[in-house]
Amino acid sequence: MRQFVILAASTAAIAAAPLAAQTLSYDMSAQVAPTCGVYNSTGTVIDVDFGALADVNSDATVDQAVGSATYRCNSRAGFTRTIASQNNGWLTLDGNPTTDNARRIRFTMRHGGGSGLGFSSRQLTAPLSRSFAGATAFLNGQTGGVSFQAFGVRGAPAANGVPGTTVMSGNYRDTVTITVTAN
């Protein structure tokens, strides 16, 4: 009987002694990289054809709506948008930089949209740069319409009504680029 009492007493002592607490923790983490950009559903290069400007008076324009640009950015610091013309706001003969007025045609750009995206028609004689604050509007995407206007080149008729242009014949080109960079 003595063994039974000792065994019962030791079992009660084990049950009464507190066990050391054991925990398990999971430290959770994830990363979200900055994603900022400007997008158009038709691609990253949009062709703009003003047609035969020799048939348009030099005081008139040919307007080309080129769809829209959507800006998305998840950077808390926002982003900087820079719009630049390769030839400083001129369509130039064969796309070659020049200051010769007989080899360049003036054009302007207009941009719509909320959250400060929009601006009225202007020639891009220098890059247009603006910083935008991080905002839910840009996290969700802000869209604005884009259009260009090229000036005609038909000149005043010469003697005997001979038609003419204010520039040399050929293909005139420029590239306008919109760059979005996270701040």
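A: What follows goes through the ring pairs around one phenylalanine, then the charges placed over rings.

The model is predicted, and a search of the whole structure gives five aromatic pairs. One of them joins F79 and F132: the ring centres are 5.0 Å apart and the planes meet at 20°, so this pair is stacked, the cut-off being under 30 degrees. F79 belongs to strand 3 (residues 79–85), while F132 belongs to strand 7 (residues 128–132), so the contact ties together parts that are 53 residues apart in sequence. F79 is buried, at a relative accessible area of 1%. F132 is buried as well, with a value of 3%.

F79 also pairs with F138, with ring centres 4.9 Å apart; here the planes stand at 90°, so the pair counts as edge-to-face, for which the angle must be over 60 degrees. F138 sits in helix 2 (residues 136–140) and F79 in strand 3, so this pair ties together parts that are 59 residues apart in sequence. F138 has a relative accessible area of 4% and is therefore buried, since the limit is under 20%.

Ring pairs also bring in Y71, which is linked with F79, F132 and F138 into a cluster.

Two arginines are placed over aromatic rings. R104 lies over the face of W90, 3.8 Å from the ring centre. R106 has its charged end over the ring of F151, at 3.8 Å from the centre of that ring.

Key:
Residues numbered from 1 in each chain as written. Predicted model: local features only at pLDDT ≥ 70, side-chain atom pairs only at ≥ 80, totals over all residues. Heavy atoms only, no water. Phe/Tyr/Trp six-rings, centres within 6.5 Å; stacked < 30°, edge-to-face > 60°. Helix = DSSP H or I, 4+ residues; strand = E, 2+ residues; numbered from the N terminus. Buried < 20%, exposed > 50% of the residue type's maximum accessible area, 1.4 Å probe, protein only. Lys NZ or Arg CZ within 6 Å of the ring centre and 35° of its normal.
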